[in-house]
Amino acid sequence: MHNALDQLKQELEAFGHSNDRAVTEREGRMLNITRDTGEFLSVLVRATGARSILEIGTSNGYSTLWLAEAAVATGGQVVTVEYLESKYQLAAETFAKSGLAQVIESHNADAKEVLRTMADASVDFLFLDSERTEYVGWFADIKRVLINGGLLVVDNAVSHEQQMMPFIGLLNADPDFTTSLVPVGKGEFLATKATS
Ligand SMILES: C[S@@+](CC[C@H](N)C(=O)[O-])C[C@H]1O[C@@H](n2cnc3c(N)ncnc32)[C@H](O)[C@@H]1O
């Protein structure tokens, strides 16, 4: 374990917990993934050898650190998207301290627009942790940008089961996806694309 990086992760965990306890308004909350989800993402990126990694929902960059650390191991790159300027700036500070900035491309943009302009089959690994009510509308582009054999991981599949149902229903009903719900953290829904 890289000590300075782990120290930064621990600081962000402590900040996220205290901030989110004190702040009620959603835009001011960090809503970070849990540490075990970070570990799980790290294993998945390494095991799949993913190089082109897209994260939707940066917040202050905590989950990005786990993805970027694994991307170093695979020789990959993480593109991360956050539409709130304030959180994009917080994430920039996180990345500058992380020693991982060289593998992170951070965008202050609406994920819908980023997805719309991305090339077909350009993403190996997509981590989706954003505005859940938007996911159904993004489904066609998510499917289009994933490579054959690519992996989609969606956070909050257990913590927000009802809200996630329409999107998970789409993935489960699509014969091009093989899916699994994993009870790690807030519930990670995995969908791998394999079109013939
Ligand atoms: C749950 S938080 C992400 C937490 C982050 N993945 C982590 O674990 O550190 C969701 C983030 O998605 C952002 N977001 C919501 N809708 C978005 C959109 N349409 N495009 C880009 N970002 C969006 C929110 O501003 C928020 O910061």
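Visitor: Where is glutamate 188 found, and what makes it count as buried?

Guide: Glutamate 188 is found in strand E7 (residues 188-193), strands being DSSP runs of E with at least two residues and helices runs of H or I with at least four, numbered from the N terminus. Residues are numbered from 1 along each chain as its sequence is written. This is a predicted model, in which local features need pLDDT of at least 70 and side-chain atom pairs count only at pLDDT 80 or more, while totals for chains, interfaces and linings use all residues. A residue is buried if 20 or more other C-beta atoms, placed from the backbone, lie within 10 Å of its own, exposed if 12 or fewer do, and partly exposed in between. Glutamate 188 has 24 C-beta neighbours inside 10 Å and therefore counts as buried.

Visitor: Which residues is glutamate 188 in contact with, leaving aside its neighbours within four places in sequence?

Guide: With contact taken as C-beta atoms, placed from the backbone, within 7 Å, the partners of glutamate 188 are Thr37, Phe40, Val153, Asp155, Ala157 and Val182. The C-alpha atom of glutamate 188 is also separated by 7.5 Å from that of valine 158, 30 residues apart along the chain.

Visitor: Why does glycine 38 count as buried?

Guide: Glycine 38, which lies in helix H2 (residues 35-48), has 22 C-beta neighbours inside 10 Å and so counts as buried. Leaving aside neighbours within four places in sequence, glycine 38 is in contact with Ile33, Ser63 and Trp66.

Visitor: Why is strand E1 described as largely enclosed by the rest of the structure?

Guide: Five of the five residues of E1 (residues 52-56) are buried, and the strand is therefore largely enclosed by the rest of the structure. Ser52, Leu54 and Ile56 point one way, whereas Ile53 and Glu55 point the other way, and all are buried. In a regular strand the side chains alternate between the two faces of the sheet.

Visitor: How many bridges join E1 to E2, and how many pair E1 with strand E4?

Guide: Two strands pair if DSSP finds at least two bridges between them. E1 is joined to E2 by five bridges, the two running parallel, and E1 pairs with E4 (residues 123-128) in the parallel sense over four. Isoleucine 53 has valine 78 as its bridge partner in E2, and leucine 54 stands opposite leucine 126 in E4.

Visitor: Which residues have the most contacts inside the largest nonpolar core?

Guide: Such a core is a set of buried Ala, Val, Leu, Ile, Met, Phe, Trp, Tyr and Cys residues joined through C-beta atoms within 7 Å. The largest has 46 residues, and those with the most contacts inside it are Leu67, Leu126 and Leu152. H3 gives the most to this core, with seven residues. Not counting residues up to four places away in sequence, leucine 67 touches Leu41, Val45, Ile53, Glu55, Val78 and Phe127.

Visitor: What makes leucine 31 partly exposed, and why does alanine 121 count as partly exposed?

Guide: Leucine 31, in the loop between helix H1 (3-22) and H2, has 19 other C-beta atoms within 10 Å and so is partly exposed. Alanine 121, in the loop between H5 and E4, has 16 C-beta neighbours inside 10 Å and therefore counts as partly exposed. Phi is near 55 degrees in leucine 31, a positive value in a residue other than glycine, and phi of alanine 121 is positive, near 45 degrees.

Terms used. Contact = placed C-beta atoms within 7 Å.
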